[in-house]
Amino acid sequence: DDSLSNYKSFVGWLGPDSVLVHYFFADSGFWKAELDFHLNHMSVDSHIKHFLRHEKNISEVYGPPSKINQKESGVSSTYTNILDQKFSNAFYRSTWKANPAIIELYLNSSILMPKTDLSIFSGNYSVLKLVYYNPDYMHSSEPTPEPKSLPSIFEIY
């Protein structure tokens, strides 16, 4: 499988944080480094604090983000109905332009509330990633799929 040779991974540390580091290679060579942070906190608030700490550290080097997207939804940490468990969510994304590279910090936090040992869904649904990539090297010899032609509105009726 050729796709296995397109990246290399290892576990490491970024300051106090445990990370899984992936180096990705395209036809043009190395083009992206992606760091997956280990999120051992089980609350949306702690995930957001984790994201904001990294955002602040990156901003100290590269200045403020050129783009910011932040959304929160769902129930609060005081929600207690175990018969109607719901997800509390946060989506945060910040982008920096560090020519020629682009830096993306991404959080998608999803925590089932209320916290109980009898959760309807098990597992971790949250991810925090830091990605450095160079768009000049985003080349692939794989042909891009042809866009599917949609039927005309007149063909449907």
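Guide: Helices (H or I, at least four residues) and strands (E, at least two) are DSSP runs, numbered from the N terminus. This is a predicted model; local features need pLDDT of at least 70, side-chain atom pairs count only at pLDDT 80 or more, and totals for chains, interfaces and linings use all residues. Residues are numbered from 1 along each chain as its sequence is written, and side-chain values use heavy atoms, with hydrogens and water left out.

Visitor: In what order do the elements of the chain run from the N terminus on?

Guide: The order is β-β-β-α-β-β-β-β-α. That gives 2 helices and 7 strands.

Visitor: Where is Ser 126 found?

Guide: In the loop between strand E6 (101-113) and strand E7 (127-133).

Visitor: Is Ser 126 buried or exposed?

Guide: Buried means under 20% relative accessible area, exposed over 50%, partly exposed in between (1.4 Å probe, protein chains only). Ser 126 has 13% relative accessibility, so Ser 126 counts as buried. Of the 157 residues of the chain, 32% count as buried.

Visitor: Which residues is Ser 126 in contact with?

Guide: Contact means heavy atoms within 4.5 Å. Leaving aside neighbours within four places in sequence, the partners of Ser 126 include Leu 39, His 47 and Asn 108. Ser 110 is also among them; the Ser 126 side chain reaches the Ser 110 backbone nitrogen at 3.0 Å.

How values were computed. A polar contact is a pair of N or O atoms within 3.5 Å; within protein, one must be able to donate a hydrogen and the other to accept it, and residues adjacent in sequence count only if both atoms are side-chain atoms.
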